Amino acid sequence: MITNCGFRKSVLLFECLNETLKWGISEIPCFNSVVNWTKKSGYFIYTNSQLKTSGSDYGIIIDENLTLGNERLVLTLG
C-alpha cells in the first residue's frame with residue numbers, strides 16, 4: 001500500500017496500527033527514527049547488489065535546502 005504520509009504522520013499511523021492490531025509495542029518510534037531508517041534503507045539497497053534495480057554503481061544526492069542570503073542553492077553530489 002502506498003500512502004501520501006509524511007514522516008511525522010507515520011508516527012500516528014504506527015500508533016493506530018498498534019492499537020488496532022494489538023501489536024503490543026510499548027514505545028512508538030519518533031519521526032526522526034523513521035527518517036533515519038529510510039536513509040539507512042536507501043544506502044543498504046544501493047550497496048547490496050542483489051537489490052539494485054539498475055546495473056549502475058553511480059548515485060546522485062540532491063539537496064535543495066541550502067540558502068545563502070536571499071538566494072537558494074542546489075547542491076548535487078555524485
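The structure is a predicted model. In that model, the buried residues of α1 are Ser10, Val11 and Asn18. These three cover an arc of only 110° around the axis, and therefore lie on the same side of α1. Buried here stands for under 20% relative accessible area, and exposed for over 50%.

Helix α1 spans residues 7–21, 15 residues in total. From its first C-alpha to its last, α1 reaches 21 Å. That is close to the 21 Å expected at 1.5 Å a residue. Just after α1 comes Lys22. Its phi is positive, at about 50°.

Two helices and two strands make up the secondary structure of the protein chain. Along the sequence, their order is α-α-β-β.

Burial and contacts were then examined over the whole chain. The protein chain has 78 residues, of which 9% count as buried. Ser10, Val11 and Asn18 of α1 are buried residues. The protein chain exposes about 7,200 Å². Carbon and sulfur atoms supply 57% of that area. For contacts, the pairs considered are residues at least 6 apart in sequence. Among these contacts, 11% join residues at least 24 apart.

Note on methods. Residues are numbered from 1 along each chain as its sequence is written. This is a predicted model: local features need pLDDT of at least 70, side-chain atom pairs count only at pLDDT 80 or more; totals for chains, interfaces and linings use all residues. Side-chain values use heavy atoms; hydrogens and water are left out. Helices (H or I, at least four residues) and strands (E, at least two) are DSSP runs, numbered from the N terminus. The expected span of a helix is 1.5 Å times one less than its number of residues. Buried means under 20% relative accessible area, exposed over 50%, partly exposed in between (1.4 Å probe, protein chains only). The arc is that of the directions from the helix axis to the C-beta atoms. Contact means heavy atoms within 4.5 Å. Accessible areas come from the Shrake-Rupley method with a 1.4 Å probe; for residues, only the protein chains shown count as cover.
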